[in-house]
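Here is a short briefing to read alongside the structure. Please keep the viewer open as you go through the points.

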Amino acid sequence: MTVFHALARLGIEGLVVVEPDQQFLCLGFFDDAKQVVDFDFCAAENIPVMRRELGGGLVLLGPGQIFYQLVIKRGDPRLPVPIADAYRKFSQAPLRAYKRLGVEVSYRPVNDIVTAQGRKISGQGAADIDRCFVFVGNILCEFNVKLWSRSMKVCDERFRAKLANTMEQNLSWLARELEEVPKPGSIASLIQEEFASILGPFEKKELPADVWKLADELAEELTSKEIIFMETSRRHSMIKVKEGTYLRCGVYETPKGRVLAEVEIDEGRIKKVVLALDATISPKYLLRSLSMKLRGVKFDFHSVAERLKKVMRSDQARCRGMRPEELAFAIVGERNGHYGKIRCNPRLSGPSLPHAGA
Amino acid sequence: MAQVNGCQFPDGLLYAIVEAKNVFVWANENSDETFTIGMVSVAAAFAGTLVSYTPKKTGRVIARFQSVAVVESSKWVGPVPTPLTGELVESNDELRKTPSLASSEPYGRGWIAKIKPSNLQAERESLLSAEQAANLMKGFIDRKNIVCPNP
C-alpha cells in the first residue's frame, strides 16, 4: 500500500496493480483509530494496522483483493479537475473489467461500484499527494466479512452480529457472483487493459530503488503509533456499509437507565431500529411499537424526536426517567437543533411523558 | 467582485493561483499583522462538499505553498496550501465542527487558518488582486468546465 504513496511523493506517474499477501486493517486519513479499531482483537490475531493518505473509512485488506492504484500528475489533461468527474472517469476501468469478468455492475456516485442486486462490490478512494492525484480501488475476489466486523470497535457486542449480517447482505465479491473466479494474474491484466483504454498505453517498468526505499520508510511511518493514534476531527457516529446505507450503534446513558439503539439507515431514512432499554417501560409492547413506528422516519434528531413524542403520547406510555429526546439522541447520535424541554404529566403516577402542548 | 462561471473572487482579498502546484487560495490581512487564508470558491467547487478538516498544529512554521490543513470530500483527501510562509497561529474550530462551511462560505466562516507571515515583503508581490485572479483562472475554469454553485 505504500508504493503508490511513494510514487506520488516522487512525482512518478503510473498504475500499480497489487494483491496483498497478508491481512491488515487500513484506516482512512481522517479515521479516529481509537473509535473504530478493536486493537485487542487485532493484537491477538496479529492483524497489523496502518493509516493511508486517502479518504474513506476503515477497511480490511488482504489476499483475494486485487488493488489498482493510479498515480497521475495534477495538470495532466487526462485528469478531470472536479473530483466527482475524476471518479466517474476512472471508475470506467473497474466497471468494464467486472463486466468482462461476467458480473453486471453499475457506478453509484461518488465512489461505489454495485451489482445488479445493489450490493457493493468495489470501493474507491482518492487523494492529492504532493503534485499527484491518486486514485485507488479494488476488485474483490473474496472478502472475510466476519473478520472485518470482528476487527471493528463496536459500542456493544450485541451489535456485532447485526454488523456482520448487514455487511453480508450489502456487499459482494467475485466468488459470490461467479462459478469460477479467474486467477489474480488474469484479473490484473484485465484492469490494466481497461485503464489503458482510458488513459493510453502503459509501459511496464521495474520500480526504481528510491521508490522501494521511500515505500519502506512510509510503511514504518504509516504504521507508527504517532500516525495511527493521531488526532483527527472525525466523529464516528455511523458505519457506512455502502453509498446510502449506514449502521449505527448508539448508547445513551442517563442517571436512570441506559438506551442501546441499533439503527439501519437507508437513503437518509430509518429502515430498521432495535431498542434495548434498562429503564422500566410501560406498556410492554412499547419497545416494538416504537421500533415499528420509526421506520421510514427521516434520520435527523428533530424528525425522530417528534415521532417518538407522538407515539409515546398516543400510547399513554410511562418511561421512568426516559424522555423522547433521550431516545432520539441514542438513535441519531447528535442534536441538529434545539429541542424544547419536556415536562412530565403530573396526572399520571410517577414521572411520565408529556401530553400534547408540552 | 470578479466572477467567472459563478466562481467569485471578492475584491479586497489577495490571491495565490498556481495551477501547476494545485494552489488556489486567498489571503486577507488582519489588523494584528496576521493573515486569514482560505480556499477560493473554484477549489471548493471542484473538491465537492467537505466532510472533514484537520489543520496542522499551531506554532508550526509552514513554507509558502506547503499544506496548512488537510481536507476530505467524498473519500478524496487533499492539502490546503498556504499562500505565505509563516507561523500557523490559529485554526478554525467552527470549521472542525462543520467542514461544509469551506464549501458553502469559502470566503467567510469557512476560512482555513491564520498565518503570521515571516517573509511578507518578498512574497506579497506575487499575490494577485481579485481581477487578476479571475483573469488568470478564466481559461482554466472554461477548459475544465467548472461551474461554481450559487453562494
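In chain B, 64% of the contacts between residues at least 6 apart in sequence join residues at least 24 apart, where contact means that two C-beta atoms, placed from the backbone, lie within 7 Å. This is a predicted model, in which local features need pLDDT of at least 70, side-chain atom pairs count only at pLDDT 80 or more, and totals for chains, interfaces and linings use all residues. Residues are numbered from 1 along each chain as its sequence is written, while chains are lettered from A and ligands numbered from 1 in the order in which they are written.

**Chain B as a whole**

- Chain B holds 5 helices and 11 strands; helices (H or I, at least four residues) and strands (E, at least two) are DSSP runs, numbered from the N terminus.
- With a radius of gyration of 14 Å, close to the 15 Å that the globule rule gives for 151 residues, chain B is as compact as a globular protein of that length. The radius is taken over C-alpha atoms, and the rule is 2.2 Å times the number of residues to the power 0.38.
- Along the principal axes, the C-alpha atoms of chain B fill a box of roughly 40 × 35 × 25 Å.
- Of the 151 residues in chain B, 48% are buried. A residue is buried if 20 or more other C-beta atoms lie within 10 Å of its own, exposed if 12 or fewer, and partly exposed in between, with C-beta atoms placed from the backbone.
- The average pLDDT of chain B is 91, and 99% of the residues score at least 70; pLDDT is the predictor's confidence in each residue, from 0 to 100.

**A sheet in chain B**

- Six strands of chain B form an open sheet in the order E3-E4-E5-E11-E10-E7, with antiparallel pairing. Two strands pair if DSSP finds at least two bridges between them.
- Strand E3 (14-18) and strand E7 (61-62) of chain B stand at the edges, each with a single partner strand, so one side of each has no neighbour in the sheet.
- E7(B) runs antiparallel to strand E10 (residues 86-91) of chain B, joined by 2 bridges; here Ile62(B) has Gly86(B) as its bridge partner.

**Where the chains meet**

- The predictor gives the complex an ipTM of 0.86 and a pTM of 0.86.
- Contacts link 23 residues of chain A with 22 residues of chain B.
- Helix H4 (83-90) and strand E8 (120-129) of chain A each supply at least two residues of the side that touches chain B, and E8(A) gives the most, with 5 residues.
- That side of chain A has 10 nonpolar, 8 polar and 5 charged residues. In this scheme Ala, Val, Leu, Ile, Met, Phe, Trp, Tyr, Cys and Pro count as nonpolar, Asp, Glu, Lys and Arg as charged, and the others, Gly among them, as polar.
- E8(A) runs parallel to strand E9 (residues 76-81) of chain B, with 2 bridges joining them; Ala127(A) has Val77(B) as its bridge partner.
- Ile83(A), found in helix H4 of chain A, is buried, with 24 other C-beta atoms within 10 Å.
- Neighbours within four places in sequence aside, Ile83(A) is in contact with Ala126(A), and also with Phe46(B), Ala47(B), Gly48(B), Ser73(B), Ser74(B) and Trp76(B).

**Inside chain A**

- Helix H1 (residues 2-10) of chain A has 7 of its 9 residues buried, so it is largely enclosed by the rest of the structure.
- The buried residues of H1(A) pack against E1, E5, E8, E9 and helix H10 (209-222) of chain A.
- Gly11(A), with a positive phi near 70°, follows H1(A).
- Strand E1 (residues 14-18) and strand E5 (residues 65-73) of chain A pair in the antiparallel sense over 5 bridges, with Gly14(A) opposite Val71(A).
- E5(A) also pairs with strand E9 (residues 132-140) of chain A, in the antiparallel sense over 9 bridges; Gln69(A) stands opposite Val136(A) there.

**Domains of chain A**

- Chain A is assigned domain 1 (2-228) and domain 2 (244-332), with bounds from an automatic or database domain assignment.
- The centres of these two domains, taken over C-alpha atoms, are separated by 36 Å.
- Their contact takes 8 residues from domain 1 and 8 residues from domain 2.
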